[in-house]
Amino acid sequence: MERKWWHGKTAYQIYPKSFCDTNGDGIGDLPGVLSRLDYLKELGVDIIWLSPIYCSPLADQGYDISDYYGIDPRFGTMEDLDRLIAEAKKRDMYIVMDLVINHCSDEHEWFKAACADPDGPYGRFFYIRDWHEGEPLPCNWRSYFGGPCWDLLPGHTDKIYLHVFHKKQPDLNWENPMLRRELYRMINWWLEKGLAGFRIDAIINIKKLLPFRDFPADRADGLCSVDRMLEEAKGVGDLLKELADNTFRPHDAFTVGEVFNEKPEELPDFIGDNGCFSSMFDFSAHLLNRTGNGWYDQAPVTPEQYKNAVLGAQARVAEVGFLSNIIENHDEPRGVSYYLPPEGRSEAGKKLLGGVSFMLRGLPFLYQGQEIGMENVVRTDISQVDDISSLDQYQVALEAGLTPDEALAAVNRFSRDNARTPFQWDDSENAGFTAGTPWLPVNPNYKAINLAEQRNRPDSIYSFYRALIRLRNHPDYAETVVYGATEPYMQEIRSLMAYFRRSDEKTLLVLGNFRDEVLTVPLPGDVKTVLINNLKEYSAEGNRAALAPWQFLVLEMEG
């Protein structure tokens, strides 16, 4: 593998709207991010990914961009961003922004021009088709947020446009070379400004199956999941290669793709030495137990499923490239509430889950609040929910015959709002996030779970993550932690997640007990050093280790 500048880094996702508010309007802002740079440096973060801060009507919380070159005034100014990039550079840190190029906002100038003249050049920036009421739609694909992915073009009664997300997010027509040139120009403008790279949103969706056609319906609404189309669409690799050649590669940019629907044969084109992305997120565990019916029909993920999913993903990419490893992000519920049963949501259990993910081969991505063990929020009424996908899934559950309480329970488990509540800095009003009224209420547990309580406590979750990052950066262990192979160990033992990280120089053994009882595990040899332990003690006798409930260990083995 060709070694890259970002391989040994630790990344951290900031959801700016919920991170730190400095002007009291209840919305986090860029000056707030700047004010916390030293905190992130102390934690050990190298790469900071900012969720969208572009101008946007916020139909989908910034993933509907109305001006790719502008900073939304809610978050600050371009000068604030320039200052953040410069201050990060002084600290040997890198700023990465979201790149949302499958779609834009219906308030973007391109779409306004397309509405004014659908047959003109900007009409070809989108998928616009003639249509009259009573006719079938060009295809029966279901939008990710519910309903058909076709809507009337504003100002017209005989034309429709494609949106596989929200109706205020019209899809961009990547078959049009003029559009692609405009996007490349924009991307290079940002890279020349000093960005280190991008997290690339929903990128596989840029290639549509053409001509449009129906698939068998998978719900009573007569529609089918967009995923069916993506399974059959061919040629996304050609588009991504052109994108990378014209933008990312000349700048040696770091890029991480949001890729859900990759085909095995595409992995080298995505993250190989000559791949289009530096890395891609591992969503293998996040996709477990999903059905075509909706959230209400999704069973909890078991420790065995989690183990087999992530170790399987490690095996698939072992000879190809680097994954970016996560337990949560802005589109998912909190990992500790999703992957751990209620009895495991102690500090020990939260450290265990974070540790088994962090020590995998690949780039560790922390999401804001993960380092202090932030949890899901229980809402008592659907009126308290902001997220558009949660509102859709609530209706899906009701239409399937669930009661309002049952539908709300499903939303509480999976809602994206869970990850978007404000960061819990301390136990003061609004968790220290804002002097005003937060745009989304703070999790009521902030009095107990907050950074101030954990920052100087040696056995806190925060201190645990700092220890993991120090190990990743340690000159004696970095080669093994960053580049060493991942080899499963005792995979047949239920609720044990165990694997080696092995290099020519060292062998590390990672052990995690996902049981609420002691688990005795045979050791493959003598233990040289206990490098990480989420509990105060470690019990071993001979060649057997007795792992306490929810215990996590990183052991350096002899030989």
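In which sense do strand β10 and strand β12 pair, and over how many bridges? I started my notebook with this one, keeping in mind that the model is predicted. β10 covers residues 197-200 and β12 covers residues 254-257, and I found them parallel, with 4 bridges between them. Looking for a residue pair there, I saw G197 standing opposite F254 of β12.

Next I looked up the sheet around this pair. β10 and β12 belong to a closed barrel of 8 strands with parallel pairing, in the order β1-β2-β5-β10-β12-β13-β14-β15. On average, neighbouring strands of this sheet are turned by 25 degrees against each other, direction ignored.

Helix α3, residues 78-90, lies across β2 (47-50) and β5 (94-99), and runs at about 135 degrees to β5. Helix α5, residues 177-193, lies across β5 and β10, at about 135 degrees to β10.

My last stop was strand β9, residues 159-162. Which strands pair with β9 in the antiparallel sense? I noted β6 (residues 128-130), over 3 bridges, and β8 (residues 150-152), also joined to β9 by 3 bridges.

Finally, I checked where the β9 side chains go. K159 and Y161 point one way, I160 and L162 point the other way, and all are buried.

Key: Residues numbered from 1 in each chain as written. Predicted model: local features only at pLDDT ≥ 70, side-chain atom pairs only at ≥ 80, totals over all residues. Heavy atoms only, no water. Pairing = 2+ DSSP bridges. Helix = DSSP H or I, 4+ residues; strand = E, 2+ residues; numbered from the N terminus. Axes fitted to C-alpha atoms, helices over the stretch in contact; angles between N-to-C directions. Contact = heavy atoms within 4.5 Å. Buried < 20%, exposed > 50% of the residue type's maximum accessible area, 1.4 Å probe, protein only.
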